[in-house]
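Biologist: I'd like to go through this model with you slowly, one spot at a time. Please start with the words you'll be using.

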Amino acid sequence: MRLQIELTTQPIDLRRELPRELADAAGAVVEFQGVVRAEEDGHAVAALEYEAYSPMAERVMRRIAEEVCRRHPCLFVRVTHRIGVVPVGEAAIHVVAAARHRTEAFAMVTEFMNRLKRDVPIWKTRAFGRHELAASKPQ
Amino acid sequence: MRVLFFAHLKDVTGTAHAEIKLGASLDTDALWQKLIAAYPGLARHRASVRLARNCEYAGANASFDDADEVALIPPVSGG
């Protein structure tokens, strides 16, 4: 299984292609985007800020993906989590799992996300309103 | 020992990181006592905060010494 784990402060490139050598082997590609909503805890927001304990977050995400893949074998998994300010409508996380069949790929994404939300040291630290977000941007 | 604080714990302690001298190995309970003595506001968060030692969650029987990097991990909310 090929595994790519990335933290980035930049918008996630959702159109990155799979490694070319997987094209013939993968019968299923399951993709998940966790997207910032315009409402958080009952309040209108324009963006959320994410903070990570980066070395541990990467290590824990890698371990979770490896453990889940032992039960649900996948050919390729890519996890990209954005940190910093993420505007509404943009992805905070993007998970791609490619497998021979759909069952493993769906299970991989679901179990990975469930465990990420319990154990990966990443936090939503601040919600920005529309005016706060505008004020935070460089002129 | 280098100690890291994240999310709202930075507001509780007023810092993102600190250097704390232990002098000897401490178990989890003794480390918490030391942390709370330095930052009393941490006391009410102890039940919900996990300790990580050198980027791994520390078990109940972990011991900590001055060479370790310890992170206080409040409930996570990534994704």
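Modeller: Helices (H or I, at least four residues) and strands (E, at least two) are DSSP runs, counted from the N terminus. This is a predicted model, in which local features need pLDDT of at least 70 and side-chain atom pairs pLDDT 80 or more, while totals for chains, interfaces and linings use all residues. Residues are numbered from 1 along each chain as its sequence is written, chains are lettered from A and ligands numbered from 1 in the order in which they are written, and side-chain values use heavy atoms, leaving out hydrogens and water.

Biologist: Okay, where is Cys55(B)?

Modeller: Cys55(B) sits in the loop between E4 and E5 of chain B, and its phi is near 70 degrees, a positive value in a residue other than glycine.

Biologist: Where do Trp123(A) and Phe6(B) lie?

Modeller: Trp123(A) is in strand E9 (residues 122-128) of chain A, whereas Phe6(B) is in the loop between strand E1 (2-5) and helix H1 (8-13) of chain B, so the pair joins two chains. Trp123(A) is buried, with a relative accessible area of 1%, and Phe6(B) is buried as well, at 8%. Together with Tyr53(A), these two residues form one aromatic cluster.

Biologist: Now Asp119(A), which residues is it in contact with?

Modeller: Apart from its neighbours within four places in sequence, Asp119(A) is in contact (heavy atoms within 4.5 Å) with Val60(A), Arg50(B), Tyr57(B) and Val76(B). Asp119(A) belongs to helix H2 (residues 102-119) of chain A and, with a relative accessible area of 17%, it is buried.

Biologist: At what angle do H1 and H2 of chain A pack?

Modeller: Helix H1 (residues 54-71) and H2 of chain A pack at about 145 degrees, with their axes 10 Å apart; the axes are lines fitted to C-alpha atoms over the stretch in contact, and angles run from 0 to 180 degrees between N-to-C directions. The residues that meet include Val60(A) and Ile64(A) in H1(A), and Phe112(A) and Asp119(A) in H2(A).

Biologist: Last one: what is the place of Ala46(A)?

Modeller: Ala46(A) is in the loop between strand E4 (43-44) and strand E5 (47-52) of chain A, and at 16% relative accessibility it counts as buried. Its C-alpha atom is separated by 5.1 Å from that of Gly129(A), although the two residues are 83 residues apart along the chain. Beyond its neighbours within four places in sequence, Ala46(A) has contacts with residues including Pro87(A), Val88(A), Phe128(A) and Leu133(A).

How values were computed: Buried < 20%, exposed > 50% of the residue type's maximum accessible area, 1.4 Å probe, protein only. Phe/Tyr/Trp six-rings, centres within 6.5 Å; stacked < 30°, edge-to-face > 60°.
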